[in-house]
Amino acid sequence: MTTTQPRYNAPAMFLHWLMALLLISLFGIGLYMADLPLSPWKLKIYSWHKWLGVSAFLLVLLRLVWRFRHRQPQLPVTTSPLMRTAAHIGHAALYLLMVIVPLSGWLMSSAKGFQTVYFGVLPIPDLLAKDPYLGELLQETHEILNYLFIGLVVIHLAAALKHQFIDKDNVLARMLPGR
């Protein structure tokens, strides 16, 4: 990478990697808790998942504000128009899912009658009245969206690794701190 090739700035990198850690944690906890039998442990895990989900939602709002206020580095000129379009669509889909997945979880919790209390202190208002049928539908929606999200994250990671090891155009290095 030449010194003239732009990189993401430190706050953008920090927000990206913090969100990556949160998402990996949320996916892992979500997969783990789904099949647990009802118990105090399961309720505790659900609370942790909800707290992380609210945190991820707030963080993505911050990321969106940052992204709209700061110019992003351009893709290398060697990137084909098709790949540029795919990258833009992929990033837009990731941001969309970073917003709608936590919202679907919030709606699901509301419809199931389980209010989220952020870190056990701050009650978050329910968005819907209790409705068991709608709660089940929203649970399925939340799960499907999460599997779609996991798939997009895997594609995102694969694209970054392709840029680094096949294209050798240092696109990945622009998001790595200290390089």
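## Aromatic pairs

This predicted model contains four aromatic pairs. One of them joins tryptophan 41 and tryptophan 48 in an edge-to-face arrangement, with ring centres 5.6 Å apart and planes at 85°. Both residues are partly exposed: tryptophan 41 has a relative accessible area of 40%, and tryptophan 48 has one of 34%.

A tilted pair is formed by tryptophan 51 and phenylalanine 119, at 5.4 Å centre to centre and 40° between the planes. Tryptophan 51 belongs to helix H2, while phenylalanine 119 sits in the loop between strand E1 (116-118) and strand E2 (122-124), so this pair ties together parts that are 68 residues apart in sequence. Ring pairs also bring in Tyr118, giving a cluster of Trp51, Tyr118 and Phe119.

## Nonpolar core

The largest nonpolar core has 18 residues, and the members that touch the most others are Met19, Leu23, Leu97, Met98 and Phe149. Helices H1, H2, H3 and H4 each give two or more residues to this core. The biggest contribution is that of H1, with six residues. In soluble globular proteins, nonpolar side chains tend to be buried together.

Phenylalanine 149 shows how such a member is surrounded. Apart from neighbours within four places in sequence, phenylalanine 149 is in contact with Leu23, Phe27, Leu94, Leu97, Met98 and Val101.

## Helix H4

At the start of the helix, a side-chain oxygen of aspartate 131 comes within 3.2 Å of the backbone nitrogen of tyrosine 133. After the helix comes lysine 168, with a positive phi near 50°. Asparagine 170, in the segment after H4, likewise has a positive phi, about 65°, and is not a glycine.

The buried residues of H4 are Gly135, Leu138, His142, Leu145, Asn146, Phe149, Leu152, Ala160, His163 and Gln164. Their cover includes helix H1 (10-34), helix H2 (40-69) and helix H3 (81-112). An α-helix has 3.6 residues a turn, so residues three or four places apart point the same way. Steps of this kind can be followed in the list, for instance from Leu138 to His142 and on to Leu145.

Serine 104 lies in helix H3. With a relative accessibility of 5%, serine 104 falls under the 20% limit and therefore counts as buried. Its side chain reaches the backbone oxygen of valine 101 at 2.7 Å. Leaving aside neighbours within four places in sequence, serine 104 is in contact with His142 and Leu145, and both of these are among the buried residues of H4.

Glutamine 72 is located in the loop between H2 and H3. A polar atom of its side chain lies 2.9 Å from the backbone oxygen of histidine 70. Not counting residues up to four places away in sequence, glutamine 72 touches Tyr8 and Arg67.

## The whole chain

The protein chain has four helices and two strands, arranged along the sequence as α-α-α-β-β-α. The C-alpha trace spans about 55 × 30 × 25 Å along its principal axes.

Of the 179 residues, 36% count as buried. Among contacts with a separation of 6 or more, 66% involve residues 24 or more positions apart. The accessible surface of the chain comes to about 11,300 Å², and carbon and sulfur atoms account for 73% of this area.

Terms used:
Residues are numbered from 1 along each chain as its sequence is written. This is a predicted model: local features need pLDDT of at least 70, side-chain atom pairs count only at pLDDT 80 or more; totals for chains, interfaces and linings use all residues. Side-chain values use heavy atoms; hydrogens and water are left out. Buried means under 20% relative accessible area, exposed over 50%, partly exposed in between (1.4 Å probe, protein chains only). Contact means heavy atoms within 4.5 Å. A polar contact is a pair of N or O atoms within 3.5 Å; within protein, one must be able to donate a hydrogen and the other to accept it, and residues adjacent in sequence count only if both atoms are side-chain atoms. Rings of Phe, Tyr and Trp (its six-membered ring) pair if their centres lie within 6.5 Å; planes under 30 degrees apart count as stacked, over 60 as edge-to-face and the rest as tilted. Accessible areas come from the Shrake-Rupley method with a 1.4 Å probe; for residues, only the protein chains shown count as cover. A nonpolar core is a set of buried Ala, Val, Leu, Ile, Met, Phe, Trp, Tyr and Cys residues joined through side-chain atoms within 4.5 Å.
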